[in-house]
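Reader: I have a model open and would like to talk through the spaces inside it before turning to a single residue. Could you take me through it step by step?

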Amino acid sequence: MVSASRSQEGSGPIRIGMVGGGQGAFIGAVHRIASRIDGEFQLVAGALSSDPKRAAASAAELGIEADRSYPSFAAMAKAEAKRVDGIEAVAIVTPNHVHWPAAKAFLEAGIHVICDKPLTSTLADAKKLAALVKKSGKLFVLTHNYTGYPMVRQAREMVQSGKLGNIRLVHAEYPQDWLTNDLEKTGQKQASWRTDPKQSGAGGATGDIGTHAYNLARFVSGLELDALSADLDAFVKGRRVDDNAHIMLRFKKKGAAPAAKGMIWASQVAPGNENALKLRIYGEKGGLEWEQEHPNHLWYTPFGEEKRLITRGGAGAGDAAARVSRVPPGHPEGYLEGFANIYAEAARAIRAARPKSGKLDKNVIFPTAADGVEGVAFVDACVKSAKANAKWTKLAL
């Protein structure tokens with residue numbers, strides 16, 4: 001229960017806590033940088049590690065007061081909810097299996113949640129979490145950071161405005177090479193938990209990066225999935241989760257146009273690829289191509305005409321891209337800024353949710369618990385399809 005005297009007002013930074021993200025963690029640092037870029041958040045509390053000594057040391061390094069470094073997320077949620085200066089939001093940056101219990105603790109304490117993807121490690125937990133979000137009335141923001149890139153917003157705006165006409169084909173891929181060998185057997189932290197189904201969930205590459213490709217395809221195209229057919233492999237001997245996925249997609253029919261089709265390739269065993277997320281969308285009037293490793297460029301080809309390069313902030317870029325851009329064209333914005341845009345949107349939503357605040361700007365966009373459930377259902381359907389020899393499978397939403 002939230003203390004009646006707990007302060008949520010003021011024009012200063014939003015007080016935020018963090019679960020996970022202590023010494024040796026990658027994604028926690030990314031979230032902290034992203035939350036600070038626009039000065040919207042101040043980190044004041046944390047349960048930064050399941051190891052109390054590491055948690056305390058991590059908090060000291062980050063300037064968190066000793067009495068606000070907690071040994072567990074449960075203790076943190078309980079204590080912060082009682083403080084007049086308690087946190088207004090929490091960032092959950094742990095391995096997947098901790099997302100559900102940690103989010104539950106903070107939502108029940110009346111604290112908004114910003115959570116790394118995927119939503120949870122199992123579909124059952126994802127559905128329970130979405131139901132709790134609705135019941136709590138609190139905000140839940142899922143950090144599918146690629147939806148924050150300016151040229152991704154540009155592509156979405158172009159699709160919505162009809163520049164491509166009826167969509168026919170949606171192709172997304174996300175190849176990496178960092179798990180080409182059995183890195184998890186060396187004790188490397190990121191490899192260890194991401195290839196452990198008890199921590200990551202049933203999907204390996206499918207859950208880790210396939211969910212990004214699927215979310216991006218859905219976000220930009222606006223299409224809804226009807227069914228998928230998945231061929232999953234664990235090429236590295238002894239690996240317990242997939243490290244490569246080929247997935248065919250059938251989207252739901254929209255209007256009189258034929259139903260669109262799609263493909264996703266997600267791999268962590270493709271030498272020569274680092275973070276090569278790419279999206280291609282083709283309609284009856286033209287096509288779009290975007291690559292994460294060249295995020296400030298969007299290629300647009302009207303059918304029968306020359307290919308055109310739209311740059312972030314350049315000629316042809318619209319309002320959707322402009323509202324999430326920070327620097328003049330030619331200065332690159334990328335991964336950290338994409339994350340920061342999700343945090344900036346979260347800040348706008350948190351401030352709008354305060355008592356006596358105005359309505360939330362209709363242009364504010366961020367992934368929600370509903371998007372998270374769909375992402376976990378996508379992984380679940382891929383695993384089921386692969387076990388049934390790539391049988392066409394619908395999402396169990």
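Reader: How do the residues of the lining of the second largest cavity divide into nonpolar, polar and charged?
Author: Keeping in mind that this is a predicted model, the lining of the second largest cavity divides into five nonpolar, three polar and one charged residues. Among the residues that line the second largest cavity are Ile16, His31, Arg32, Ser35 and Tyr343, and the elements that give two or more residues to this lining are strand 1 (14-19) and helix 1 (27-36).

Reader: And what volume does the second largest cavity have?
Author: The volume of the second largest cavity is about 40 Å³, and a search of the whole structure finds two cavities of 30 Å³ or more.

Reader: Which element gives the most to the lining of the largest cavity?
Author: That is strand 11, which contributes three residues, while helix 6 (150-160) and strand 10 (278-283) each supply at least two. The largest cavity holds about 50 Å³ of space, and by class its lining has eight nonpolar, no polar and one charged residues.

Reader: Changing topic, where does Asn296 lie?
Author: Asn296 is in the loop between strand 11 (286-291) and strand 12 (297-302).

Reader: Is Asn296 buried or exposed?
Author: Asn296 is buried, because its relative accessible area is 13%, which is under the 20% cut-off.

Reader: What does the side chain of Asn296 reach at 3.0 Å?
Author: At that distance the side chain of Asn296 reaches the backbone oxygen of Glu333, and the side chain of Asn296 also makes a polar contact with the side chain of Arg312 at 2.8 Å. Leaving aside residues up to four places away in sequence, Asn296 touches several others, including Met151, Ile310 and His331.

Definitions and conventions: Residues are numbered from 1 along each chain as its sequence is written. This is a predicted model: local features need pLDDT of at least 70, side-chain atom pairs count only at pLDDT 80 or more; totals for chains, interfaces and linings use all residues. Side-chain values use heavy atoms; hydrogens and water are left out. Helices (H or I, at least four residues) and strands (E, at least two) are DSSP runs, numbered from the N terminus. Buried means under 20% relative accessible area, exposed over 50%, partly exposed in between (1.4 Å probe, protein chains only). A polar contact is a pair of N or O atoms within 3.5 Å; within protein, one must be able to donate a hydrogen and the other to accept it, and residues adjacent in sequence count only if both atoms are side-chain atoms. Contact means heavy atoms within 4.5 Å. On a 1 Å grid over the protein atoms alone, a cavity is a set of points where a 1.4 Å probe fits but cannot get out, and a pocket is an open set with protein on both sides within 12 Å along at least five of seven lines; lining residues have an atom within 4 Å of a point. Grid points are joined across faces, edges and corners, and a volume is the space filled by probe spheres set on the points. Ala, Val, Leu, Ile, Met, Phe, Trp, Tyr, Cys and Pro count as nonpolar, Asp, Glu, Lys and Arg as charged, and the others, Gly among them, as polar.
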